[in-house]
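This briefing is for a reader meeting the structure for the first time. Please look over the sequence and the 3D view before going on to the notes that follow.

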Amino acid sequence: MKNRLTKLSIFLSLIIGMLFASCGSGTPEMHTVEGVQRVVDVYTKYIDTDKYKPISIRYTEKGKLTNELGYMTFTMIGKADNKNHNQTINIEGGKEVVEDIVAPDASDIYSRFSHLNPNKKEKNFDTEPWIQASEIKPELIAKLMETSFTQIEEGYTIESVAYCNISREDKTGEIIYTFGLNVVKDGSTQYRGKHIVTEYTTVNFRGHTDGKVEKLN
């Protein structure tokens with residue numbers, strides 16, 4: 001198994017450092033401590049936890065196989081209505097672009113058929129378990145991803161981290177980290193005319209606060 005992320009980490013760190021030094025901003029990589037810290041910084045800067053409490057946070061790469069932090073979506077319980085709301089924040093040119101908070105949609109399939117599950121517990125802003133910014137550990141998440149690199153079989157190259165989702169396990173309340181690695185089978189890159197076509201597969205993992213990582217597929 002070839003790990004492009006590990007092989008290029010020193011080189012890319014130098015390049016990123018030069019970008020920060022030259023323009024004061026940059027786009028961190030998905031698998032790094034700096035990448036996760038950017039998510040934490042955006043959380044503390046833009047999410048008003050007096051009105052909205054995040055119950056899951058998903059961040060994804062900017063484009064396929066780029067491994068650059070691009071999008072963050074916070075799913076949150078609103079104090080005013082105890083319903084889920086989403087807010088997406090994009091990283092563009094090293095700066096954040098904040099989209100409007102999206103309120104619940106009455107036409108949503110889950111809302112329209114909620115009566116079919118009368119025993120489902122309603123969410124409550126004051127009591128629902130949520131994820132505080134201080135509970136997101138950049139060093140831990142980066143280490144979990146590093147551990148997952150070793151679980152990719154020989155004959156594949158890791159190109160990028162596609163996404164990472166931070167949520168709570170329903171029964172235990174433990175914060176869990178689900179993420180996907182985009183891998184390319186060696187020799188699978190094809191040239192079609194003037195274009196390079198790369199076929200990749202996303203391998204999913206679940207990481208735990210004790211440092212253990214399990215492969216999901």
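Is Ile-101 buried, partly exposed or exposed? In this predicted model, Ile-101 counts as partly exposed because its relative accessible area is 33%, which lies between the 20% under which a residue is buried and the 50% over which a residue is exposed.

**Whole protein**
- The protein contains five helices and 11 strands, and of its 217 residues 39% are buried.

**Helix 3 and helix 5**
- Helix 3, which covers residues 33-46, has 14 residues that should span 20 Å at 1.5 Å a residue, and the 20 Å between its end C-alpha atoms agrees with this.
- The buried residues of helix 3 are Gly-35, Val-36, Arg-38, Val-39, Val-40, Val-42 and Tyr-43, and what covers them includes strand 2, strand 3, strand 4, strand 5 and helix 5.

**The largest nonpolar core**
- The largest nonpolar core is made up of 40 residues, and those with the most contacts inside it are Tyr-59, Phe-74, Ile-136, Ile-141, Ile-166 and Leu-181.
- Two or more residues of this core come from each of helix 3, strand 2, strand 3, strand 4, helix 5, strand 6, strand 7 and strand 10.
- In soluble globular proteins, nonpolar side chains tend to be buried together.
- Beyond its neighbours up to four places away in sequence, Phe-74 touches Val-39, Val-42 and Tyr-43, among others, as well as Ile-57, His-85, Asn-86, Gln-87 and Ile-89.

**Ile-101 and its surroundings**
- Ile-101 is located in the loop that runs between strand 5 and helix 4.
- Leaving aside residues up to four places away in sequence, Ile-101 touches Tyr-52, Met-76, His-85, Asn-86 and Gln-87.
- Ile-101 and Phe-74 are 27 residues apart along the chain, and their C-alpha atoms are separated by 9.4 Å.

Notes
Residues numbered from 1 in each chain as written. Predicted model: local features only at pLDDT ≥ 70, side-chain atom pairs only at ≥ 80, totals over all residues. Heavy atoms only, no water. Helix = DSSP H or I, 4+ residues; strand = E, 2+ residues; numbered from the N terminus. Expected span 1.5 Å × (residues − 1). Buried < 20%, exposed > 50% of the residue type's maximum accessible area, 1.4 Å probe, protein only. Contact = heavy atoms within 4.5 Å. Core = buried A, V, L, I, M, F, W, Y, C linked by side-chain atoms within 4.5 Å.
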